[in-house]
Each structure stands twice: as structure tokens, then as C-alpha cells.
Amino acid sequence: MAELCEQQPKESAKAFAAFRVYLGMGPERSLEGVRVKCGKSARLIQRWSSRWATAERVDAHAAHLANVE
């Protein structure tokens, strides 16, 4: 599961950076927050989130951390 937090094959560096911003936002995370921090359009952030399964990756990361603890 930890590999889901790594850059995915064919995922651009910018899309991965946006994912890392989203992951780092904690429980108050939002795509709007990512849009503001990354300076990208809402449409682009939504497209990246959908294409790269952002929410699912964050859930997998949380599950992984729970298992480690």
C-alpha cells in the first residue's frame, strides 16, 4: 500500500506534487485547497484527482499508517 503514495507510472511531476499537497493537508484537505496552493485550475485539479485516484491513495496511506502503528 505504501507504493500508492509514490509517484505512479505516467503520473506527471506536477500531478504528483498536487497529490502530495492534498495528502499533507490532513483532515481539512480539499481539492479547492490544492488548487489554491498549486495555482492550477479547478478543472485540472479535479481531472488529476480522478485520473490518479487521489482519495483512494490517501485512504490507502491512512490504512498503511494504522497497520504500522
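This is a predicted model: local features need pLDDT of at least 70, side-chain atom pairs count only at pLDDT 80 or more; totals for chains, interfaces and linings use all residues.
User: How many cavities of 30 Å³ or more does the structure hold?

Analyst: A cavity is a set of points, on a 1 Å grid over the protein atoms alone, where a 1.4 Å probe fits but cannot get out, and its lining residues have an atom within 4 Å of a point. Grid points are joined across faces, edges and corners, and a volume is the space filled by probe spheres set on the points. Here the structure holds one cavity of 30 Å³ or more, and about 80 Å³ of space lies in the largest cavity. Its lining has 13 residues, of which Ala18, Phe19, Trp48, Ser49 and Thr54 are the closest to the centre.

User: Which elements give two or more residues to that lining?

Analyst: Helices are DSSP runs (H or I, at least four residues), numbered from the N terminus. Those that give two or more residues to the lining of the largest cavity are H1 (13-24), H2 (31-38), H3 (42-51) and H4 (54-68), with H1 giving the most, four residues. By class, the lining has nine nonpolar, two polar and two charged residues, where Ala, Val, Leu, Ile, Met, Phe, Trp, Tyr, Cys and Pro count as nonpolar, Asp, Glu, Lys and Arg as charged, and the others, Gly among them, as polar.

User: How do I read the faces of a helix, and which residues of H3 are buried?

Analyst: An α-helix has 3.6 residues a turn, so residues three or four places apart point the same way. Buried means under 20% relative accessible area, exposed over 50%, and partly exposed in between (1.4 Å probe, protein chains only). In H3 the buried residues are Leu44, Ile45, Trp48 and Ser49; seen down the axis of H3, they fall within an arc of 135° (taken from the directions from the helix axis to the C-beta atoms), so they line one face of the helix. The face of H3 turned away from that side carries the exposed residues Arg43, Ser50 and Arg51, while H1, H2 and H4 are among what covers the buried ones.

User: What is Ser49 in contact with, beyond its neighbours within four places in sequence?

Analyst: Contact means heavy atoms within 4.5 Å. Ser49, buried at a relative accessible area of 13%, is in contact with Leu31 and Thr54 when those neighbours are left aside.

User: Which residues of H4 are buried, and which exposed residues does the opposite face carry?

Analyst: Thr54, Arg57, Val58 and Ala60 are buried in H4, and, seen down its axis, the buried residues of H4 fall within an arc of 160°, so they line one face of the helix. The face of H4 turned away from its buried side carries the exposed residues Glu56, Asp59, Ala66 and Asn67.

User: Where is Ala53 found, and what is its phi?

Analyst: Ala53 is found in the loop between H3 and H4, and its phi is near 50°, a positive value in a residue other than glycine. Ala53 is partly exposed, with a relative accessible area of 26%.

How values were computed
Residues are numbered from 1 along each chain as its sequence is written. Side-chain values use heavy atoms; hydrogens and water are left out. On a 1 Å grid over the protein atoms alone, a cavity is a set of points where a 1.4 Å probe fits but cannot get out, and a pocket is an open set with protein on both sides within 12 Å along at least five of seven lines; lining residues have an atom within 4 Å of a point.
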